[in-house]
Each structure stands twice: as C-alpha cells, then as structure tokens.
Amino acid sequence: MQNLEVEFVHLRYAYGQHDWIVHASLNGEEVGYVTFAEYEGTPNIQMISVPEPWRRNGIASRMIAELQRRYDGIEIDFGMSTDDGAALVEALPWIVVRNEARDADVEELARLERIINGYRRIWEEAAQRGAAARDLALEQTKDWNDVSDAAEELTRCIEAQPAKHRFIDVDALLAREIVVNP
C-alpha cells in the first residue's frame, strides 16, 4: 500500500476568516485537495476535488478525517454539495451526540411554560371572583412579562440549535485502507 500524505496550507486571513487548502499526495503526486474556510473556529468546506483516476479510493475520506482530527469536537460544515459530494458525506462514518445545551434549554422552556400556564389559571379564576382576586392575581403574576420574554428568547435559541451534533468518526475512517486503483 502506498502512503497518503496530507498537508494543511494556510492561504490567507481576512475579516476574521482563515482560508486553507488540504493537499493529498501519493509518492509526491497530488491526488486531491480540500479547500475550506475557518470562521469563529468552525471549518466550512468549500470544495473537495479528487481527479477521476483517484476517485473512490478513500482519498477524500482521509482528507476529511484529518480535517475532523484537526477540529476535534467541532462540527464540520459541508455547505451545499454536488451529488457526488452528498454521496461522500452520506458514506462517512458518524458519531452522533445529543446537544446537551439545547436539551437544557428545552427543559427550561418547559418550566417557564408551566409557570405561564399557572399564571393563566390564576387570571381565569380571578376574573370570576372580583376585584380583590384581581389585585391578588396582579401580585402573583407581576413577573409574567419577564417570564414570557425569557420563554420567547429560549424558543429562538432552541430553533437555532440542532438537536444533535454529528462528528466524523476519525478512527473508523483512518482504519480504512486506501486502495489505489488509478
């Protein structure tokens, strides 16, 4: 088996974004590359290219494995994909973990919704009992707006977060043999 060499080369930095290229070579011959941008610590793949005679040999997978290893614990953003790119992404071994921060937000939102529902019941009862009950309801629900605002903010945060994170299983990818059939 031939040894695949993978090299990261920093191309430029502008406006908080680092642009990189990952070169893959066998015996000094370039057999593929990946370009990606890193912004706020997250790698965003822009292009994966492996020339036709080298495709389906595990070269792109190996470059992606090295990228995930470099950004351990950070999801790689694959952006828009061609049909071949989508097939590659689907074929990768993944480690899927629950987004614990989102789960905590969901639990907190449920707690706030229980408070809001309790406040509604207090006002429904107060409406039937008269002025004294309304005064008591005002006192008991004085933070209703703050609780509702917090619930709305949590809802926005939850909607913006994935329920799960997907990381490439680097060990599984690196265990695969690169079979060269050019």
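The paragraphs below go through the strands, the turns between them, a helix, a few single residues and a pocket.

The model is predicted, so to speak of local features a pLDDT of at least 70 is needed, and side-chain atom pairs count only at pLDDT 80 or more, while totals for chains, interfaces and linings use all residues. Residues are numbered from 1 along each chain as its sequence is written, and side-chain values use heavy atoms, with hydrogens and water left out.

Two strands are said to pair if DSSP finds at least two bridges between them. Strand 2 covers residues 17-26 and strand 3 covers residues 29-39; they pair in the antiparallel sense over 10 bridges. One of these bridges joins Gln17 to Tyr39 in strand 3. Strand 3 also pairs with strand 4, again in the antiparallel sense, over 7 bridges. In that pairing, Tyr33 stands opposite Ser49 of strand 4.

Both pairings are hairpins. The hairpin of strand 2 and strand 3 has 2 residues between the strands, and the hairpin of strand 3 and strand 4 has 2 residues between them as well. Most residues other than glycine have a negative phi. Asn27 has a positive phi of about 50 degrees although it is not a glycine, and it lies in the loop between strand 2 and strand 3. Glu40, in the loop between strand 3 and strand 4, has a positive phi near 50 degrees and is likewise a residue other than glycine.

How open are these turn residues to the surroundings? A residue is called buried under 20% relative accessible area, exposed over 50% and partly exposed in between, using a 1.4 Å probe and protein chains only. Asn27 is exposed, with a relative accessible area of 63%. Glu40 counts as exposed at 68%. Tyr39, in strand 3, is partly exposed at 39% relative accessibility. Contact means heavy atoms within 4.5 Å. Leaving aside neighbours within four places in sequence, Tyr39 is in contact with Tyr15, Gly16, Gln17 and Asn44. Asp143 is 104 residues from Tyr39 in sequence and 39 Å from it in space, C-alpha to C-alpha.

Helix 3 runs over residues 100-129. The expected span of a helix is 1.5 Å times one less than its number of residues. For the 30 residues of helix 3 this gives 44 Å, and the end C-alpha atoms are 44 Å apart, so the two agree. Buried residues of helix 3 include Arg102, Asp103, Asp105, Leu109, Leu112, Ile116, Gly118, Tyr119 and Ala126. An α-helix has 3.6 residues a turn, so residues three or four places apart point the same way. Among the elements that cover the buried residues of helix 3 are strand 5 (94-98), helix 4 (131-140) and helix 5 (144-160).

Pro93 is found in the loop between helix 2 and strand 5 and is buried, with a relative accessible area of 16%. Not counting residues up to four places away in sequence, Pro93 touches Phe167, Ile168, Asp169, Ala172, Leu173 and Arg176. Val170 is 77 residues from Pro93 in sequence but 8.1 Å from it in space, C-alpha to C-alpha. Gly73 sits in the loop between helix 1 and helix 2 and is exposed, at 53%. With neighbours within four places set aside, Gly73 is in contact with Gln68 and Phe167. Gly73 and Ile168 are 95 residues apart in sequence and 9.5 Å apart in space, C-alpha to C-alpha.

The last topic is the largest pocket. On a 1 Å grid over the protein atoms alone, a pocket is an open set of points where a 1.4 Å probe fits, with protein on both sides within 12 Å along at least five of seven lines; lining residues have an atom within 4 Å of a point. Grid points are joined across faces, edges and corners, and a volume is the space filled by probe spheres set on the points. The largest pocket has a volume of about 730 Å³. Its lining has 30 residues, and Ile48, Ala60, Asp84, Gly85 and Leu88 lie nearest the centre. Strand 4 (42-49), helix 1 (59-70) and helix 2 (83-91) each supply at least two lining residues, and helix 2 gives the most, with 6. By class, the lining has 16 nonpolar, 8 polar and 6 charged residues; Ala, Val, Leu, Ile, Met, Phe, Trp, Tyr, Cys and Pro count as nonpolar, Asp, Glu, Lys and Arg as charged, and the others, Gly among them, as polar.

Definitions and conventions: Helix = DSSP H or I, 4+ residues; strand = E, 2+ residues; numbered from the N terminus.
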